[in-house]
Amino acid sequence: MAPERGSSSKRKHSPSEPADGSESSQPRASKKVKVKAKAKASPEDVTSASAQPTNKVLPVHIQFAPRVPGTLRIATWNICGLAAATKKGFKYYVEAEDPDILVLTETKVNNDPVDPALTNRFPYRHWSIADKKSYSGTAILSKHKPLSMSTTLPGHPDPSLVKGRIVTLEFEHCYVIGTYVVNAGADLKTLDAKKEWNVHFEAYIHDLDKKKPVIWTGDLNVAPAEMDLANAKRNWNKTAGYTEAETTAFAHILDPGTDSDEGKFVDVWRRFHPEDRHYTYFSYRFNCRAKGIGWRIDMFVLSERMVDRVRLCEIRSDIYGASDHCPVVLEIEGEL
């Protein structure tokens, strides 16, 4: 089983963080959230040289622009432990975002939570919980009732590896899959487990796509291309999340090739932001947030035929401090 990212600066080196603290390229941050910081900061502390916000705690006041009329809002966030994130202001983000569907990864819960802030807002809550205590964990919380729910990955030979990593909800017009994808591990020691996951997941998502369009989201634990991490050359084929095996598998989901009858998928944020360098994960170590050393590994991947319904896809870069990840949000027209 791949090691999980921790929530403390004292934790060991993460397999999905840069191997050093060197300079990054120059990502551009979008300005989609109005915030008031907890502490007064000098002008040079507001953003890093790479234009990423450098707040270390969740903002006190969070206000997003109103959603596009006629759309549903879906958000995903690796919260690096629900209990820990709750103590750091998790519920204030949820209140401000008010998504129709919230996909949470790395929840680290041991049973279905009964937090009123979640139970009152989302009538339909589906938690995938790992056998190992306080480990992994994926959830989809919804205001809309699904037709069916699954926490399995068909064909995978190791159910214990799958538990806590996937939730699929079926709605009338589409599927929503939330995943906390297997990590290839420190020194790539669990890359074979990641490869096995990828084989079965690719078959699964394409099988669903033949029935209905699919919205796949969560922590996908892969940086698809050089633009999606700060130190690409130094990490290539050395660090989990940016190896030839992982990026090729992801690319094959997006485009199975002309000889295949499988449908195509689209990495939506990249489609909307073709030139931007913008990240969703910053290690707590090495002052990576301030230096702009990050990875884009949390994303939305949609069946190509439903992408024209998308009206917004943004990384909530200011929402940092409750986790070492930032949320990503999608607004899409029409019914689920």
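How many aromatic pairs does the structure hold? There are 11 aromatic pairs in the structure; rings of Phe, Tyr and Trp (its six-membered ring) pair if their centres lie within 6.5 Å, with planes under 30 degrees apart counted as stacked, over 60 as edge-to-face and the rest as tilted. This is a predicted model, in which local features need pLDDT of at least 70 and side-chain atom pairs count only at pLDDT 80 or more, while totals for chains, interfaces and linings use all residues. Residues are numbered from 1 along each chain as its sequence is written, and side-chain values use heavy atoms, with hydrogens and water left out.

**The whole chain**

Display the protein chain as a cartoon: its secondary structure comes to 10 helices and 14 strands. Helices (H or I, at least four residues) and strands (E, at least two) are DSSP runs, numbered from the N terminus. Of the 336 residues, 58% count as buried, where buried means under 20% relative accessible area, exposed over 50% and partly exposed in between (1.4 Å probe, protein chains only). Among contacts (heavy atoms within 4.5 Å) between residues at least 6 apart in sequence, 73% join residues at least 24 apart.

**Aromatic rings and charges**

Select Trp197, Phe201, Tyr204, Trp216 and Phe250, which ring pairs link into a cluster. Next, show lysine 132, which lies over the face of tyrosine 135 at 4.5 Å from the ring centre. Arginine 289 is likewise placed over the face of tyrosine 320, at 4.1 Å from the ring centre. A charge sits over a ring if NZ of Lys or CZ of Arg is within 6 Å of the ring centre and within 35 degrees of the ring normal.

**Helix α8**

Select residues 244-254, helix α8, and colour its buried residues: Glu246, Thr247, Ala249, Phe250, Ile253 and Leu254. They cover an arc of only 160 degrees around the axis, which puts them on the same side of α8; the arc is that of the directions from the helix axis to the C-beta atoms.

**The annotated site**

Which residues does UniProt list for "active site"? The unreviewed entry lists Tyr180, Asp219 and His325. These residues span 146 residues in sequence, yet no two of their C-alpha atoms are more than 12.8 Å apart, so they gather at one spot. UniProt positions are given in the numbering used here, feature names are shortened, and annotations may be inferred rather than shown by experiment. Aspartate 219 lies in strand β10 and, at 0% relative accessibility, counts as buried. Histidine 325 belongs to the loop between β13 (310-315) and β14 (328-333) and is also buried, at 0% relative accessibility.

**Arginine 296**

Move to arginine 296, in the loop between α10 (288-291) and β12. Is this residue, arginine 296, buried or exposed? Arginine 296 is buried, with a relative accessible area of 0%. Its side chain makes polar contacts with the side chains of aspartate 228 (2.7 Å) and aspartate 267 (2.6 Å). A polar contact is a pair of N or O atoms within 3.5 Å; within protein, one must be able to donate a hydrogen and the other to accept it, and residues adjacent in sequence count only if both atoms are side-chain atoms.
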